[in-house]
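Grab your viewer and try each one before reading on.

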Amino acid sequence: MTDTPKSGSIFTQTGLMAKRNASEKRFRFYGLVAVVASLMMLAFILFTIFSAGLSSFRQTTVTFSLELTEAKLDPKGGRDPAKLAKVTTVGYNKLIGTGFAAAIKEHGIEIEGLTDKDAAGFLSDEAAANLRDRVLADPTLIGQTVEINALVMGRIDGFMKGRVTAESAANDSNISAEQLALAKALDDKGLLHLSFNPAFITGTDASDTRPEAAGLGVAILGSAYMMLLVIVLALPVGVAASIYLEEFAPKNKLTDLIEVNISNLAAVPSIVFGILGLAIFINFAGLPQSSSLVGALVLSLMTLPTIIIATRASLKAVPPSIRDAALGVGASKMQTTFHHVLPLAIPGILTGAIIGLARALGETAPLLLIGMVAFVREYPGAPPAGFSDPASALPVQIYQWTQRSDPAFVERASGAIIVLLVFLLVMNTTAILLRRRFERRW
Amino acid sequence: MNDMRIVERLVETQGNKISARAVQVHYGTSHAIKDVDVDILDKTVTAFIGPSGCGKSTFLRCLNRMNDTIAACKVTGKITLDGEDIYDARVDPVQLRAKVGMVFQKPNPFPKSIYDNVAYGPKIHGLTRSKAELDEIVESCLRKAALWNEVKDRLTAPGTGLSGGQQQRLCIARAIATSPEVLLMDEPCSALDPIATAQVEELIDELRDQFSVVIVTHSMQQAARVSQRTAFFHLGNLVEYGETGQIFTNPRDPRTESYISGRIG
Ligand SMILES: Nc1ncnc2c1ncn2[C@@H]1O[C@H](COP(=O)(O)OP(=O)(O)OP(=O)(O)O)[C@@H](O)[C@H]1O
Ligand SMILES: [Mg+2]
């Protein structure tokens with residue numbers, strides 16, 4: 001300080017000023033580094049997920065014509081739906097097998113050592129099921145020659161996507177070199193197509209041996225049902241509780257205790273809520289296992305503390321002068337709260353609710369405990385009855401798929417993560433839009 | 001503005017509107033109001049003067065129970081409005097505040113439109129039957145508060161977007177819109193220019209026909225101009241209370257004397 005003149009020119013910086021500016025610069029640099037580092041991590045995660053998972057939205061099919069022989073599908077004639085339904089997928093499987101073999105020959109493809117079993121195994125079992133559904137929906141097809149797009153088995157699909165190569169196939173008992181050669185030949189003739197696969201989003205889960213048929217439909221529906229129920233259950237209860245605690249309840253030991261407990265609940269590991277849900281909702285109340293109703297109840301319990309804490313914080317942030325103003329013109333406590341305080345707090349409440357919901361959407365552990373990990377092949381029914389049907393959930397589905405041995409499920413799991421991220425994105429965007437709307441109101 | 005003429009208005013022998021007896025206010029352990037006795041007359045303007053922090057706002061807030069909202073604040077003693085104890089258990093403070101309106105020290109418009117700010121009170125008290133009536137009330141209140149000309153073209157704009165002085169006048173319009181019997185004004189002109197101040201003072205004088213007005217002010221001139229009675233507070237005590245003319249020309253207490261002369265210079 002001694003060598004700085006007391007009143008120097010404002011064009012020259014004093015030593016202290018330079019120090020202050022330097023520390024500000026340093027601080028800005030640290031902030032920038034932190035932001036860049038987190039952006040890079042995010043980019044890395046997204047890149048990994050997308051490069052592994054995007055391909056799951058496309059699936060390989062093989063196109064060929066086959067005759068739906070009446071003698072096999074409807075031997076007695078008459079097209080009686082009950083009788084048509086008696087022909088199982090096994091029957092259709094044989095039909096497709098012969099049709100496929102004929103198509104191979106027809107296109108002049110000759111693979112040395114290709115057995116009938118190899119040719120039949122080239123196609124997915126799901127192809128027969130799909131054809132059966134198609135015929136049952138439209139029995140007039142019987143007797144005609146139709147063109148079908150049959151799903152191929154997961155390994156061939158992997159070959160088309162570059163996941164399976166000749167080297168990896170050599171050590172794999174599930175695929176033969178002949179099958180690979182067949183795939184190459186069919187591809188050369190333009191019969192193999194890698195095209196958008198809506199069944200990945202709408203279809204049900206499939207067994208361990210049929211990754212090509214596994215879809216997210218049940219999980220998406222289950223997650224959507226649960227989010228709906230969580231919004232309906234947790235948001236009103238949480239907001240009402242916060243308003244009561246913040247605006248109406250006397251400030252005493254009891255409310256202090258409640259406050260501490262709510263904060264603690266927000267930090268309780270989610271699996272504990274799963275145990276609680278199992279004990280209360282399933283064992284005590286007897287609600288159906290694996291249902292989205294029970295899942296939503298557990299997730300609501302888990303989300304409530306988050307919503308309450310966020311709501312109370314945003315109520316607290318409303319300046320007390322607004323309350324004074326309203327009380328001063330003779331508004332009641334209730335009018336003050338609902339006409340003036342709550343509208344100001346809504347953006348904050350929405351943020352808290354979305355954080356809570358996003359956490360609930362991605363939650364796996366408590367759902368495992370209440371049995372939502374079951375293999376569900378049936379879509380849950382329409383609400384409200386469908387809420388008690390067994391369902392899956394997106395994060396649980398991801399968890400399940402990562403547990404399976406077939407490497408094709410890695411791709412599926414990454415695809416499911418993309419769907420989950422899209423869900424989150426949609427929810428967050430909605431929240432931001434809603435917040436804008438409410439902020440613009442005044 | 002330097003007009004030190006003391007208004008020689010006839011102070012008719014009005015009845016008491018509000019009487020306070022032995023009022024004590026504690027904020028936790030600090031004693032903010034010490035044993036204050038005051039009678040506020042009907043259809044009269046009463047000025048509260050005193051140095052900063054002496055408890056003027058605190059006492060004012062006792063008169064419509066706004067202190068209820070401060071958990072640490074404890075009011076004892078007896079305050080009656082038209083002979084009825086306002087701290088009686090049967091009194092609903094909400095109903096009381098409809099009768100005893102308030103303009104706060106810091107302007108606090110609702111973050112809503114200018115129109116809604118004024119219309120809110122009449123709406124919740126069911127004072128109007130139609131939109132037209134409400135429009136009329138809003139316009140007349142904004143006119144009285146000397147704000148109409150500035151905002152008549154933007155009634156839907158947010159009240160918080162106004163300047164500080166405009167916000168203060170909006171709060172005045174809001175307070176008179178509910179037609180209270182007593183209007184408590186905490187430094188209503190602290191943010192106003194001389195012209196708006198004169199308009200508000202005119203309003204206060206007008207209001208005296210129907211209401212009793214209590215105004216806190218740091219301006220001796222203002223107190224002298226608008227009020228008929230003046231109360232001087234010092235360190236939580238009511239030092240002197242009497243007719244404005246007498247307080248300003250012939251104060252009995254040396255503290256009043258030095259405060260007034262010190263301020264006026
Ligand atoms: N909410 C509160 N909590 C605790 N103490 C308070 C509170 N409000 C006021 N006080 C105290 O009460 C005393 C009187 O305050 P008050 O606001 O009534 O003063 P005032 O006369 O209105 O002053 P000013 O002219 O500056 O507005 C002050 O000592 C202040 O610190
Ligand atoms: Mg004050």
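**Exercise 1.** Is Gln105(B) buried, partly exposed or exposed?

*Solution.* Ground rules come first: this is a predicted model, where local features need pLDDT of at least 70, side-chain atom pairs count only at pLDDT 80 or more, and totals for chains, interfaces and linings use all residues. Residues are numbered from 1 along each chain as its sequence is written, chains are lettered from A and ligands numbered from 1 in the order written, and side-chain values use heavy atoms, leaving out hydrogens and water. Now the cut-offs: buried is under 20% relative accessible area, exposed is over 50%, and partly exposed is in between (1.4 Å probe, protein chains only). Gln105(B) has 35% relative accessibility, so the label is partly exposed.

**Exercise 2.** Find which residues coordinate the magnesium ion (ligand 2).

*Solution.* Look for donors (N, O and S atoms within 2.8 Å of the metal, or 3.2 Å for Na, K and Ca; water is not among the atoms, so sites may look incomplete). You get Ser57(B) through OG and Gln105(B) through OE1, at 1.9 to 2.3 Å.

**Exercise 3.** Describe how domain 1 of chain A meets domain 2 of chain A.

*Solution.* Start with the bounds, 57-209 and 217-438, which come from an automatic or database domain assignment. Then count contacts (heavy atoms within 4.5 Å): 17 residues of domain 1 of chain A touch 22 of domain 2 of chain A.
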